[in-house]
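Please examine the chain below before reading the dialogue.

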Amino acid sequence: MSRKIRTRFAPSPTGPLHMGGVRTALYCYLFAKKNNGDFILRVEDTDQTRFVEGAEAYIFNCLAWCGLEPDESVLKPGEHAPYRQSERKAIYCQYAQQLIQDGHAYYAFDTPEVLDFHRKDHEANGKTFIYNWHNREKGRLVNSLVLTEEETKSKIEAGETYVIRFKSPQDETLHLKDIIRGDISIDTNVLDDKILFKSDGMPTYHLANIVDDHLMEITHVIRGEEWLSSTPHHVLLYRSLGWESQMPAFAHLPLILRPNGKGKLSKR
């Protein structure tokens, strides 16, 4: 039995809605309606530092003006509520802990100053610093892969600042399929260990959107091409959480450029 088509538009309430975002919402809406499916609006408000008062209402007003009415949203909750990511923190914590227990993620205690030192040190030698298999267990970085379980627990209980990082695999060629761009191959050795939970205790986009898309039964992720480089991490997260068989299809839309063709169209 085929799954019911479900698409989502997931803007952040960080300011005016970009024309590219409106176009993405339009594609999601039209694709869902053409296939007798559902169009979901989810508010991705985990970045509290960029939150703009009134931006969420502005997004809803813009979509209403365009005639794009979600089947499920903050204003029209369904069985997959809540639809604000800030209200789903406990759900993300559960899956972050699952990834740690299964060996797919780890605690990292490196301070911003230490990471900045490594970046500058690499730049001075004509290299780029990437936090991944190349250095995460060499002893120069402080994380639960090199610390004992007792040491890790002690640091957490002492209130030391930490993030949770995804443990990207080494020496693997990852094969992806994009509806628009076709087959894509990625060498996992060039992937960084993305942060899944920030030091402020909030999840990043990478974890939150994967968990939400799965639990909300999203079948097609239609979004801008700026997210294409993150898709390998997202595919790996689906695999690591045991959801690979239910993974949505991806379609990355080209950016809307300025009239002169130089650079992305500004939302201002």
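This is a predicted model: local features need pLDDT of at least 70, side-chain atom pairs count only at pLDDT 80 or more; totals for chains, interfaces and linings use all residues.

Q: How many helices and strands are in the chain?
A: Helices (H or I, at least four residues) and strands (E, at least two) are DSSP runs, numbered from the N terminus. The chain holds seven helices and nine strands.

Q: What radius of gyration does the chain have, and what would a compact globule have?
A: The radius is taken over C-alpha atoms, and the globule rule is 2.2 Å times the number of residues to the power 0.38. For 268 residues the rule gives a value near 18 Å; the chain has 20 Å, which agrees. Along the principal axes, its C-alpha atoms fill a box of roughly 55 × 45 × 45 Å.

Q: Which residues of helix α2 are buried?
A: A residue is buried under 20% relative accessible area, exposed over 50% and partly exposed in between (1.4 Å probe, protein chains only). In α2 (residues 55-65), the buried residues are A55, E56, I59, F60, C62 and L63. Viewed down the axis of α2, these residues fall within an arc of 160°, so they line one face of the helix; the arc is that of the directions from the helix axis to the C-beta atoms. An α-helix has 3.6 residues a turn, so residues three or four places apart point the same way. N61, A64 and W65 are exposed on the other side of α2.

Q: Which elements do the buried residues of α2 pack against?
A: Contact means heavy atoms within 4.5 Å. The partners of these buried residues are β1 (6-9), α1 (19-34) and β2 (38-41). After α2 comes G67, with a positive phi near 80°.

Q: Is S168 buried or exposed?
A: S168 is buried, its relative accessible area being 0%. This residue sits in the loop between β4 (163-166) and β5 (173-178). Not counting residues up to four places away in sequence, S168 touches N132, R136, L191, D192 and D193.

Q: Where does S185 lie, and which residues does S185 touch?
A: S185 belongs to strand β6 (residues 182-187). With residues up to four places away in sequence not counted, S185 touches T173, L174 and H175.

How values were computed
Residues are numbered from 1 along each chain as its sequence is written. Side-chain values use heavy atoms; hydrogens and water are left out.
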